[in-house]
Amino acid sequence: MPPPLFQRAWGGIRPQGAKLLALFFPARCDLCATALDEGDTLRLCASCLRRLAWPGHEPRCGGCEHPLVNGVCPSCPINPLSVSACRCVFPNTGLGKELLQAYKARRLRAYAPVLAALAAERLGNWVRSHELLVPVPIARSALWERDFCPVTVPVQALSRRTGVPWAAALEKTRAGSTQHFLGRSGRRLNAQEKFAARPARVPPGLKRILIVDDILTTGSTLNEAAAALRRALPGVELGALAFARTPLRGA
């Protein structure tokens, strides 16, 4: 269900007017349109927040956030990441998968602030431990078709929430095919040498940069983006954040 966009249209109204407006148009959850309680701060109801969370009893890998199987990460041995660590906001299953499919496939740009709010709420300290946010971009041809980059827009909102600046320090040099239907080897080949860094857009002297992507599956795209930045900015420590983590099949 599309989010109630009229709420954002009235975001700048004076407090007295906002109270009057709330009587006739109560705030509702951006995902399910359920009326929100006064204590809800993320524009999401408690039910959706629970469904967008990692299971509390499920241990996850400290490097890639994949759920552990018998105390061992099933992903790192076959899909090692070339960053210091990666953190993910929610699993790419259930409501999380539905949210991202609606956001990307149906191009519901209004969901971008929801992703940013969740990331800031759950991983704000991790984000603030870095000095710059760098979104993984889409190709220019895809940008013309879509009208917005599904990673850059929530990164801009995340930057405003956390105070960490962002920069378009990566450029996608070739479009390639979508990663969604590819296997592990296909993803790796499809992602090779897709990105070029723009070091002029990075302030000098930075030590820690956070690469941000929408979904982490095998990490092929993330590794290629990190390689491009590392070639242009040797010595900079690279971390990563993904809004969603896809569990490996059969894991």
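Biologist: Which residue in E5 is the bridge partner of Leu132?
Modeller: This is a predicted model, in which local features need pLDDT of at least 70, side-chain atom pairs count only at pLDDT 80 or more, and totals for chains, interfaces and linings use all residues. Helices (H or I, at least four residues) and strands (E, at least two) are DSSP runs, numbered from the N terminus. Strand E2 spans 132–135 and strand E5 spans 208–216. In E5, Leu132 has as its bridge partner Ile209.

Biologist: Over how many bridges do E2 and E5 pair?
Modeller: A quick note on conventions: residues are numbered from 1 along each chain as its sequence is written, and side-chain values use heavy atoms, with hydrogens and water left out. Two strands pair if DSSP finds at least two bridges between them. For E2 and E5 the sense is parallel, and the number of bridges is 4.

Biologist: Which residues point the other way from Leu132 and Val134 in E2?
Modeller: Here we need burial: buried means under 20% relative accessible area, exposed over 50%, and partly exposed in between (1.4 Å probe, protein chains only). Leu132 and Val134 point one way from E2, and they are buried. Also buried, but pointing the other way, are Leu133 and Pro135.

Biologist: How many of the 11 residues of H7 are buried?
Modeller: Helix H7 covers residues 152–162. Its buried residues include Val153, Val155, Leu158 and Thr162. H7 is mostly covered, and the buried count is 8.

Biologist: Which helices and strands do the buried residues of H7 pack against?
Modeller: Contact means heavy atoms within 4.5 Å. Two of the partners are helices, H4 and H5 (112–128).

Biologist: What are the distance and angle in the pair of Tyr103 and Phe148?
Modeller: Rings of Phe, Tyr and Trp (its six-membered ring) pair if their centres lie within 6.5 Å; planes under 30 degrees apart count as stacked, over 60 as edge-to-face and the rest as tilted. By this rule there is 1 aromatic pair. Tyr103 and Phe148 form that tilted pair, with values of 5.8 Å centre to centre and 50° between the planes.

Biologist: How many residues apart in sequence are the parts tied together by Tyr103 and Phe148?
Modeller: Both Tyr103 and Phe148 are buried. Tyr103 lies in helix H4 (residues 94–105), while Phe148 is in the loop between helix H6 (140–146) and H7, so the pair joins parts whose separation in residues is 45.

Biologist: Which residue has its charged end over the ring of Trp126?
Modeller: A charge sits over a ring if NZ of Lys or CZ of Arg is within 6 Å of the ring centre and within 35 degrees of the ring normal. Here the charged end is 4.9 Å from the centre of the Trp126 ring, and it belongs to Arg87.

Biologist: Which cysteine sulfur is nearest to that of Cys86?
Modeller: A disulfide is a pair of cysteine sulfur atoms within 2.5 Å, and the structure holds 0 of them. Cys86 is in no disulfide, and the nearest cysteine sulfur, 4.1 Å away, is that of Cys88.

Biologist: Is Asp214, at 9% relative accessibility, buried or exposed?
Modeller: Let's start with its partner: a salt bridge is a side-chain nitrogen of Lys or Arg within 4 Å of a carboxyl oxygen of Asp or Glu, and Lys104 forms one with Asp214, the closest N and O atoms being 2.5 Å apart. Lys104, at 25% relative accessibility, counts as partly exposed. Asp214, at 9%, counts as buried.

Biologist: Which residues are linked in a network of salt bridges?
Modeller: The count of salt bridges is 6. Glu171 meets Arg140 in one of them (3.2 Å, N to O), and Glu171 forms another with Arg198, at 3.8 Å between the closest N and O atoms. Glu171 lies in strand E3 and Arg198 in the loop between strand E4 (195–197) and E5, so these parts, 27 residues apart in sequence, are tied together. The network links Arg140, Glu171 and Arg198.

Biologist: What percentage of the 251 residues of the protein count as buried?
Modeller: Let's finish with the whole chain, which has 9 helices and 6 strands. Of the residues, the share that counts as buried is 47%.
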